[in-house]
Amino acid sequence: MIDLVPVGKKIIFGTASGVSFNGDIALCSDEVSVQWEKALDSIENSIKYLKLIPEKERQLSSLLGDIQVVRRKTPPFPMAPAYYYSLANLIGKLGMSRTVSRPTLLPSLEHLQVAITGSMGDEITLTPEGHISVPSHSPVWVIYNFIKENEQSAVDLQQKYRKNKLEAEQLMESVKEDYKLKSLGVDMSVSYDQVITCCKNLLVCNDSIRYMLEGVNLVIAPYFAIMSDGDMYIMWDWVNDL
């Protein structure tokens, strides 16, 4: 079955099988190998959508005042065909709604970022990164109003995210050197705020903790675990009782 995976593609496990919008090969952990093989057999068709997605993102940006179209950074990641049709659906609605005024607080919205989702139960929200998360089924007037009402909040969140990212990276480097770790990583579900909390706790620990973690591959995560290869996962909000 591994022969069906194109060279250079990464395999991830998720809630659906196919090719994600990032180009990764996704396999649903609830499915059996026969279903995986069927999904892998259709990879080439899914990869065709990957080549079409950037143009759809550019079209959407143009219809929304040159807003930056970004892709969500945390799972679940949509499959490429589903993401393509979500973009196409939203573009179609925006193109037919010329009578609805675009937000006019600024001549351009290129300083804002929008991420499109296809989940029917979702509502338009602001993410911690400052992205405006828009379900493709959203009515056009709701999208415009949300952007107009939350423009400054989105900018503020973007600035906070960049500040926290820089602080987290600096703290991680300090922890790695202080503990003489082999590596220090972060689970994709952990925010920079949480990384900062964890690193600050680690930097005030006593020497016995440092000795135990020396030479370890450490990952900041939402849980504690020790993997078969020796990698250690530490909960981001752990409390030092030693």
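Visitor: What is the relative accessibility of cysteine 199?
Guide: The model is predicted, with local features requiring pLDDT of at least 70 and side-chain atom pairs pLDDT 80 or more, whereas totals for chains, interfaces and linings use all residues. Residues are numbered from 1 along each chain as its sequence is written, and side-chain values use heavy atoms, leaving out hydrogens and water. Cysteine 199 is placed in helix H5; helices (H or I, at least four residues) and strands (E, at least two) are DSSP runs numbered from the N terminus. With buried meaning under 20% relative accessible area, exposed over 50% and partly exposed in between (1.4 Å probe, protein chains only), cysteine 199 counts as buried at a relative accessibility of 0%.

Visitor: Which residues does cysteine 199 touch, leaving aside those up to four places away in sequence?
Guide: Contact means heavy atoms within 4.5 Å. Methionine 172 is 27 residues from cysteine 199 in sequence, with the two C-alpha atoms 6.4 Å apart. Beyond the sequence neighbours up to four places away, cysteine 199 touches Ile220, Val175, Leu171 and Met172.

Visitor: At what angle do helices H4 and H5 pack?
Guide: Axes are lines fitted to C-alpha atoms, for helices over the stretch in contact, and angles run from 0 to 180 degrees between N-to-C directions. Angles under 35 degrees count as roughly parallel, over 145 as roughly antiparallel, 65 to 115 as roughly perpendicular and the rest as oblique. H4 and H5 are therefore roughly parallel to each other. The axes of H4 (residues 140–179) and H5 (residues 192–203) lie 9 Å apart, and the packing angle is about 30°.

Visitor: Which hand does the crossing of H4 and H5 have?
Guide: A crossing is left-handed if the near helix is turned anticlockwise from the far one by less than a right angle, and right-handed if clockwise. By this convention, the crossing of H4 and H5 is left-handed.

Visitor: What is the relative accessible area of valine 195?
Guide: Valine 195 is found in helix H5. Apart from neighbours within four places in sequence, valine 195 is in contact with Ala168, Met172, Val186, Val190 and Ile220. Valine 195 is buried, and the relative accessible area is 1%.

Visitor: How many residues does the largest nonpolar core have?
Guide: A nonpolar core is a set of buried Ala, Val, Leu, Ile, Met, Phe, Trp, Tyr and Cys residues joined through side-chain atoms within 4.5 Å. Residues with the most contacts inside the largest core include Leu60, Leu94, Ile132 and Ile147. At least two residues of this core come from each of helix H2 (43–63), helix H3 (80–95), strand S5 (113–117), strand S7 (131–135) and H4. The number of residues in the largest core is 33.

Visitor: How many residues are in the second, separate core?
Guide: This core includes Leu171, Cys199, Ile209 and Leu218. Two of the residues named, Leu171 and Cys199, also belong to the contact between H4 and H5. The second core has a residue count of 21.

Visitor: What is the phi of aspartate 66?
Guide: Most residues other than glycine have a negative phi. Aspartate 66 lies in the loop between H2 and strand S4 (68–70) and is partly exposed, with a relative accessible area of 45%. Its phi is positive, although the residue is not glycine, and near 65°.

Visitor: What is the phi of lysine 180?
Guide: Lysine 180 is placed in the loop between H4 and strand S8 (183–186). The residue is exposed, at a relative accessible area of 52%. Though not a glycine, lysine 180 has a positive phi of about 55°.

Visitor: How far apart in space are proline 128 and serine 191, C-alpha to C-alpha?
Guide: Proline 128 lies in the loop between strand S6 (125–126) and S7 and is exposed, with a relative accessible area of 63%. Proline 128 and serine 191 are 63 residues apart in sequence, yet their C-alpha separation is 8.4 Å.
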